[in-house]
Each structure stands twice: as structure tokens, then as C-alpha cells.
Amino acid sequence: MDEKRINILLAIACIVVFVSGVLTNIGRDNDLPTITIPEGEISYRVGEDTSMLLSDVTAFDQHDGDISAKVFINQLIISGNGREGLVVYAVTDSANHVAKAERRIKVITDTGAATPAEPGGPTLVISEDSAHITTGEAFDPFGYIVSITDDKDPEEVLLHHVSVEGTYDTTEPGSYILTIYVTDLDGNRSNMIEFLLDVD
């Protein structure tokens, strides 16, 4: 067989392999699905059903169409300060291609929860366990105290021994968790109440 004929046969073989590869890939799903997350801020209270984070999140695949029902929460990461979080959504199409998308959220921890008073400690009662103010607006946590009762010390004295733990900045938007309590003159601590301050 001369060299020219060999080259022709090799060329035909290459074409056959190429065409075979093209035909094999025709109809194959090589596209990743697309996850669409609605605009706007969303808040999540720790302990709630995470399914609410899936509300209005959609997914579309070029071959499968609408696959929104297959979207799931792959990860829910809450920051160390407990006020922000990251949701990682994922979806898998019929070709087992996985797409992911991220969304930053506002996190709210349970507030109003009270740690019991120490034996002999005062009882602290507040009117609200949260407040919502605008940026720059004044905030006075003492204004939410309804009463302080103790077996020995009068309320007017105990008001000077109220403690508010936690930092907040009324000039900086965010959610701040504070803890309010009072200590009597014998050093006994009252119930400790968590208070949520939202600054917009």
C-alpha cells in the first residue's frame, strides 16, 4: 500500500472518530442549571424552619426546564457575631450537574429569653424585648424597665445598678443583641434578659 493511500485512510479514520464524538455529544446536557434569588433583604430567626429561606428562589435548566422544586439549602453559615449569615443554595438537574448560589441574610437570635436570677437576687421586668430605631435616633435601654423588685433594696437604689452588656452603635445600621440585668447591694444578680436593637 503506497504512502498516499495510507494517508487517505488515516484521514478518513480521523474524520470517523471526530464525527462519532460529535454524534455522541449531540443531545448530551452540558449546561449547568441557573438559580435565581429574589432581590431584597431577608431575615432569619435562629430556630425557625429554614424552608422560609427557599421562598421565591427559582431554578431553570436548559434541558429540564423549571426545576425550582429541586432547590435545597446546601449550607447555612451564621457569622460569629450572630447577626449575619450566608445561605448556600444548590440544585441538581437530571444530568447530575450541580449549580450553587449564595445569599447574605440578616440573622436574629431569640430575644426576651431570661436567665433565672441568682438566689436572693432581684426580679427585673421590661416592657419590650426589642426596639426598632432609625440611624442616628436616640436609644435608652433604661426606658424599657418596668420594675425591679428585691427583698431588701428599693427600686430607686437598684436603678443605679442596672447593667447593659453588649455593644451597639445607633449611627451604624445593624442588629445588636444586648443583655440587661441588675445586681442588688449584696451582689445578687437578677434575671438576665436578652434585648434586640435593630438600627435601620
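Which residue in β7 is the bridge partner of S43? Let's find out in the close-ups below, bearing in mind that this is a predicted model.

**View 1. S43 and its partner across the sheet.** The bridge partner of S43 is K106, a residue of β7. The two strands involved, β2 and β7 (residues 98-108), are joined by 3 bridges and run parallel.

**View 2. The open sheet of 3 strands.** Here the order is β1-β3-β4, and the pairing is antiparallel. The edge strands are β1 (34-36) and β4 (65-66), and because each has a single partner strand, one side of each is left without a neighbour in the sheet. Look at β1 and β3 (residues 58-61): they run antiparallel, with 3 bridges joining them.

**View 3. The largest nonpolar core.** This core has 17 residues, and the ones that touch the most other members are L124, F139, I148, F195 and L197. Two or more residues come from each of these elements: β9 (123-126), β10 (130-133), β11 (145-149), β13 (174-182) and β14 (192-199). A second, separate core has 15 residues, among them I42, V71, A99 and I105. As background, nonpolar side chains tend to be buried together in soluble globular proteins.

**View 4. The surroundings of I148.** Zoom in on I148 and leave aside its neighbours within four places in sequence. The residues in contact with I148 are then P122, T123, L124, E155, L158, L159, V162 and V182. One of these, L124, joins I148 in the list of core residues that touch the most other members.

**View 5. Stepping back to the whole chain.** Altogether, the chain has 2 helices and 14 strands. Of its 200 residues, 32% count as buried. Its accessible surface comes to about 12,000 Å², and carbon and sulfur atoms account for 52% of that. Among contacts with a separation of 6 or more, 54% are between residues 24 or more positions apart.

Conventions: Residues numbered from 1 in each chain as written. Predicted model: local features only at pLDDT ≥ 70, side-chain atom pairs only at ≥ 80, totals over all residues. Heavy atoms only, no water. Pairing = 2+ DSSP bridges. Helix = DSSP H or I, 4+ residues; strand = E, 2+ residues; numbered from the N terminus. Buried < 20%, exposed > 50% of the residue type's maximum accessible area, 1.4 Å probe, protein only. Contact = heavy atoms within 4.5 Å. Areas by Shrake-Rupley, 256 points an atom, 1.4 Å probe, with all protein chains shown as cover. Core = buried A, V, L, I, M, F, W, Y, C linked by side-chain atoms within 4.5 Å.
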